[in-house]
Number of protein chains: 2
Amino acid sequence: MKAEILAIGTELLLGEIVDTNSAWLAARLADLGVEVWWSVRLGDDLDRVVEALRQALGRCDLVITVGGLGPTDDDITREAVARVIGEEPRVDPALEASLRRYFAERGRTMPEMNLKQAWLVPSAQSLPNPLGTAPGWLVRHQGRIIVTLPGPPWEMERMWLEEALPRLQLPSATLFRRTFKTWGLGESAVAELLGSWTRCPEPRVATYARLDGIHVRVAARGSTLEEAQARAAPALAAVEAALGPFIWGYDDDTLAGLARQLLMERGATLATLESLTGGMLGQEICAVPGASDVYLGGGVAYSASAKARFGVPSEVLERSGTVAEETARHMARAACRWFGADWGLATTGVAGPAEIEGKPVGTVFVGLQGPGREEVKALSLGPRPRHVVRQRTVYAALALLWRSLSPEPPG
Amino acid sequence: MKAEILAIGTELLLGEIVDTNSAWLAARLADLGVEVWWSVRLGDDLDRVVEALRQALGRCDLVITVGGLGPTDDDITREAVARVIGEEPRVDPALEASLRRYFAERGRTMPEMNLKQAWLVPSAQSLPNPLGTAPGWLVRHQGRIIVTLPGPPWEMERMWLEEALPRLQLPSATLFRRTFKTWGLGESAVAELLGSWTRCPEPRVATYARLDGIHVRVAARGSTLEEAQARAAPALAAVEAALGPFIWGYDDDTLAGLARQLLMERGATLATLESLTGGMLGQEICAVPGASDVYLGGGVAYSASAKARFGVPSEVLERSGTVAEETARHMARAACRWFGADWGLATTGVAGPAEIEGKPVGTVFVGLQGPGREEVKALSLGPRPRHVVRQRTVYAALALLWRSLSPEPPG
């Protein structure tokens, strides 16, 4: 089965919004063995959307549109689909009632412009949207399927999973894939360790440079998921053997999730003290559900006075400055002591755009303190933009914790 | 001038990476009045990339490819461009020397596979890449232009701005646009206040629901930027008049940047104490260059004991729990007192997936403390995913600060 995704919205072509929806949908479809052959972004232009829909229906079995279901005049997805299949949209009384109820429950009267969100065409089933005012459509037309989904990601994701998929009866998964996530090697080094595997057409082994390390993806197809997995097996074993000590996780694993899990296993707690990352490390840790089981809290000590307040000795700050190995070490100690945690992680460095204390952008120190363990990593992350330096620092800190908590710390 | 963007990488079609590059390029092109008509994602498949390049050259003047310039075998952009223009790539001695130097400067020997990054074809100029190992190409072929850029965003952005643009001599800007950013109204309410302006084809007025509020974009074209701006003027005045008190910023303004600026004007300082946002508020504030001028620091007080440690009275926590109006008020006070700041912002609430203390997901309290001012906002942000609840809370906190610091606080 071939699919095409049409992301609709002038803001996409003007670069005012990043299209995360297409990637999310593509990943779900890939898992089902549905191949996304085209993924196209379009403006809110009725003629152009009609043209793209016709083209998509000519070359794919399943066409998914995202966006353009809002109440305003530039939301034209319903009009475009109706025109392509030659049907007239009408207000559906049941949809109208549920829409008016949605507003009433929020103590508001429905603006009349929202009425178009109650439109339906004869070939369409309505896809309910309890999270918003835009229901979707599932249209079957001349052997093809069109699914229209709303633009807000959480509405789109729920509608695809809860409403569209159960009605579509897609084939079950036939693509097996596994992503290995590594830390400590560059992309060329990973590729060299993998040798000829990266030139093998099936199973396919590909490398990707990410901020949380080099990822290696192994993918294979089969008539069933089991068959695909069996085909992938030799490559899986080879990647594991080649990169073993550098692999920190698989698939949806995150360094923060892994840190939580390793701390849970030891019944240990964690605290953070951040300078250049300004809370980003804490927020990465808290993004994991259940973070509160291990994470006691953290401090953002942007100024020298705030660092001292958390217990970094003033003489250290005077002697070494705020961006220094010694400071990172004392910040990690302070994190442990101040929050009463077993493990402490600290970051200090120069995020840019300007130098600090004569140190260039990208000079970063990551400190770790734990039971019988104290370590500082010096990193050179420049010249890169501020947010990249900060994000990379967060991952370096979490990778340092991973290595320290792993049963057999690698190289 | 019409442009097409081809983002190349199987990971895009498998949904393993979000294509931020196309949005960034589209925004830069729009500002120059270059219309992006097509924006397509493709896999690492030589035949399909060749086909897409041919199609793009048939309908657009400028074709920009992003990605596929790495050293590994699945990086096939150079091969595809060479095939489409019928030229043979060869190793360029100067490029090879500079590549070997890049590795030598980092104390490494160049892996032989990187040699393909030194390829050049006769019609291509090389675009230097001091940030990585992948130079780009600028190809002129039969009146069309192809620009190949690398995939890592910071390499791509620098190469476009510093290397490609100066060589391209594109027309100067002919699109004027301004985005108004509002807080405190829903999208339908904004649209109703704007009345018939949203149905006006030129200047175009469009609304977008964002996590930091409803955005309104006004856009107009002209033969010069001045002419375009003059055409937009009536719409700009109308939007300003209709939404005035709700507008917190324009274009690239951010709530955090605005907060820094308002605090700077008053010579005031800020501290934060976060529960459900876990550092996200601090990191949003620190993302602004120069944040350290006003931001003293912050605490992540995920546990009740950490909240108490920062000075939230235990009896408040016992009486009201961690998710409560009273707790948010005392957390904001604690932020001020503990860091010695003039203003304090605090967040507490239920990010999900589970309830806390019988309160449903999305129950959030945002506290503010400042000279002669104390305020708590209660929010109902559910049912939405964890990261949306947290991000929305961060913006609600910053919007509360904005209202309190604005000369004439609206509504």
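Okay, let's start at the interface: 86 residues of chain A are in contact with 85 residues of chain B, where contact means heavy atoms within 4.5 Å. Before I go on, this is a predicted model, where local features need pLDDT of at least 70 and side-chain atom pairs count only at pLDDT 80 or more, while totals for chains, interfaces and linings use all residues. Residues are numbered from 1 along each chain as its sequence is written, chains are lettered from A and ligands numbered from 1 in the order in which they are written, and side-chain values use heavy atoms, with hydrogens and water left out.

So, the area. Chains A and B bury about 7,100 Å² between them, and carbon and sulfur atoms give 56% of that. Buried area here is the accessible area, with a 1.4 Å probe, that two parts lose on being put together, summed over both. Which three residues supply more than any others of the area that chain A buries against chain B? They're Arg41(A), Trp154(A) and Trp338(A), with 10%.

Arg41(A) turns up again in a strand pairing. Strand S2 of chain A, residues 35–42, pairs antiparallel with strand S2 of chain B, also residues 35–42, over three bridges. Arg41(A) stands opposite Ser39(B) there. Strands are DSSP runs of E, at least two residues, and helices are runs of H or I, at least four, both numbered from the N terminus; two strands pair if DSSP finds at least two bridges between them.

Now charges. The rule finds eight salt bridges across the interface of chain A and chain B, a salt bridge being a side-chain nitrogen of Lys or Arg within 4 Å of a carboxyl oxygen of Asp or Glu. Take Arg204(B) and Asp44(A): they form a salt bridge, with the closest N and O atoms 3.7 Å apart.

Over all chains, the search finds 46 salt bridges. Within chain A, Lys116(A) meets Glu79(A) at 3.4 Å, N to O. Lys116(A) lies in the loop between helix H5 (93–105) and strand S5 (119–120), and Glu79(A) in helix H4 (residues 77–85), so the pair ties together parts that are 37 residues apart in sequence.

Last stop, chain B. There's an open sheet of four strands, ordered S10-S11-S9-S12, with antiparallel pairing. The edge strands, S10 (204–210) and S12 (247–250), each pair on one side only. Strand S9 (residues 175–182) is joined to S12(B) by three bridges, and Phe180(B) stands opposite Tyr250(B) in S12(B).
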